[in-house]
Amino acid sequence: MKEFMMIFIGADYTELGLSPEDLQSRMGQWFAWHDKMTQAGIVSHGNALTPQIRRVVGKNRTVTDLTSAEVKEIVGGYYIVKAKDFDAVEKIAEDYPDYDLGGTVEIREIMVFDQ
């Protein structure tokens with residue numbers, strides 16, 4: 001088994017104007033998806049991320065503080081998953097709860113270095 005990172009990209013829920021009921025329903029979908037993967041032994045780690053962003057760029061290390069309102073899409077969270085290959089992770093990603101909101105799942109294999 002290899003480890004992959006599933007990166008969740010999309011708009012911030014608060015920026016979408018979802019009602020409290022919609023937010024609760026959406027979180028229920030996330031918890032159900034997470035529980036399904038946890039029970040299958042697929043997820044090894046994951047977290048949601050806040051919409052605040054600090055970027056440090058270039059040799060002068062220019063610092064910029066951003067919020068989700070200032071960027072088109074944000075990384076809203078990630079999971080580290082164990083799977084055979086990209087196709088297996090793509091299959092896992094079929095249940096991603098935010099496709100209907102224009103969300104994206106980016107799949108990256110974690111590079112392991114021999115030490």
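Which element gives the largest share of the lining of the largest pocket? I looked it up: S5 does, with 5 residues. I'm working with a predicted model, where local features need pLDDT of at least 70, side-chain atom pairs count only at pLDDT 80 or more, and totals for chains, interfaces and linings use all residues. Residues are numbered from 1 along each chain as its sequence is written, and side-chain values use heavy atoms, leaving out hydrogens and water.

Entry one, the sheet. I found an open sheet of 4 strands, ordered S2-S5-S1-S6 with antiparallel pairing. Strands here are DSSP runs (E, at least two residues), as are helices (H or I, at least four), numbered from the N terminus; two strands pair if DSSP finds at least two bridges between them. S2 (43-48) and S6 (104-109) are at the edges with a single partner strand each, so one side of each has no neighbour in the sheet.

Entry two, a closer look at one pair. S1 (residues 2-10) runs antiparallel to S6, and 6 bridges join them. I noted Phe 8 opposite Val 105 in S6.

I counted as a pocket an open set of points on a 1 Å grid over the protein atoms alone, where a 1.4 Å probe fits, with protein on both sides within 12 Å along at least five of seven lines; lining residues have an atom within 4 Å of a point. Of the 24 lining residues in the largest pocket, Tyr 13, Trp 30, Ala 48, Gly 76 and Gly 77 are the closest to its centre. S1, H2, S2 and S5 each give two or more residues to that lining.
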